[in-house]
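Biologist: I am new to reading strands and loops. Can we go through some features one at a time?
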Amino acid sequence: RRLDATGVELRLNTRVSAEFLDTENFDEVIVASGVSPRMPGIEGIDHPKVLPYTQVLRGEVQAGNRVAIIGAGGIGFDVAEYLADKESDEPQPVQHWLQEWGVDLLGEEPGGLVQAQVKPPLRELYLLQRKSTSLGKDLGKTSGWVHRAVLKKKGVNMLADCSYQKIDDQGLHITVAGKPRLLDVDHVVICAGQDSLADLYRKDNPNYHLIGGADLAAELDAKRAIRQGSELAAKL
């Protein structure tokens, strides 16, 4: 609504190129093109079993029954929840959520709680991280416990202190706390961070500005990105 009210010209389904920006001859160019998934330097990273998380979440590829997820940050947890429980694009019915968490809305049971009815996971999942600390330790304080609880309910195998050797037809070869292990999985989903997507930015042109994930991909900080956009708009 604000775009309509302020007269902003919105162009959808438009891939911007350097040539396009030159042709349009804009007074200022703000590059806020976000990030792209980082693909780690693991032997076999180009194997057909390997999927960037973006392909999975967009529904471009259907993951198999046994999946390893490399990277246990916020995106890794989200992907694990998605693969463990996602059956359709429809929101989870409230009644299903109440059953899963054992909530009695009628208040007929002590504390409003009943025996939880956890639906079996859709897949066998492994969530892996290089650090030796507990998985999910650095998630947000207010909601991190929910994500950890969901994966525990769904029986996700959470492995810390992992080193990645290679990916081949057998699956994902790793060491866990120095001990070799082979995960016989159908797919390996990569959630190992992001890189800034700033190909259109020109450092030598003072009329080009870089904000958001395109400026700094670390942690995908929405608060920082919004502040950068607001301050730049006010300055211009």
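Biologist: Which residue is the bridge partner of Ile69 in strand 10?

Modeller: Keep in mind that this model is predicted. The partner of Ile69 is Val189, in strand 10. That bridge joins two paired strands. Strand 4 (residues 66–70) and strand 10 run parallel and share four bridges.

Biologist: How many bridges join strand 3 to strand 10?

Modeller: Three bridges join them, and the two strands run parallel. Strand 3 covers residues 50–52. Here Val50 has Val188 of strand 10 as its bridge partner.

Biologist: How do I read the two faces of strand 10, buried or exposed?

Modeller: Start with the general idea. Side chains in a regular strand alternate between the two faces of the sheet. Now the case here. Strand 10 spans residues 187–190. His187 and Val189 lie on one side, and Val188 and Ile190 on the other. All four are buried, so both faces are covered, as buried means under 20% relative accessible area.

Biologist: What is the strand order in the open sheet of three strands?

Modeller: The order is 7-8-9, with antiparallel pairing. Strand 7 (162–168) and strand 9 (179–183) are the edges. Each has a single partner strand, so one side of each lacks a neighbour in the sheet. On average, neighbouring strands of this sheet are turned by 20° against each other, direction ignored.

Biologist: How many bridges pair strand 8 with strand 9?

Modeller: Five bridges, in the antiparallel sense. Strand 8 covers residues 171–176. Thr175 stands opposite Pro180, which is in strand 9.

Biologist: Now the surface. Which residues form a nonpolar patch there?

Modeller: Leu3, Val8, Leu10 and Leu12 form the patch. Together they have about 390 Å² of accessible area. Take Leu10. It sits in the loop between helix 1 (2–6) and helix 2 (18–24).

Biologist: Why does Leu10 count as exposed?

Modeller: Its relative accessibility is 55%. The cut-off for exposed is over 50%, so Leu10 passes.

Biologist: What is the phi of Asn13?

Modeller: Phi of Asn13 is positive, about 50°, although the residue is not a glycine. Asn13 is in the loop between helix 1 and helix 2. Asn13 is exposed, at 85% relative accessible area.

Biologist: And where is Asn25 found?

Modeller: Asn25 is in the loop between helix 2 and strand 1 (29–31). Its phi is also positive, near 55°, and Asn25 is not a glycine. With a relative accessible area of 63%, Asn25 is exposed.

Conventions
Residues numbered from 1 in each chain as written. Predicted model: local features only at pLDDT ≥ 70, side-chain atom pairs only at ≥ 80, totals over all residues. Heavy atoms only, no water. Buried < 20%, exposed > 50% of the residue type's maximum accessible area, 1.4 Å probe, protein only. Pairing = 2+ DSSP bridges. Axes fitted to C-alpha atoms, helices over the stretch in contact; angles between N-to-C directions. Patch = residues over 30% accessible without salt bridge, like charges linked within 9 Å, V, L, I, M, F, W, Y side chains within 5 Å. Areas by Shrake-Rupley, 256 points an atom, 1.4 Å probe, with all protein chains shown as cover. Salt bridge = Lys/Arg side-chain N within 4 Å of Asp/Glu carboxyl O.
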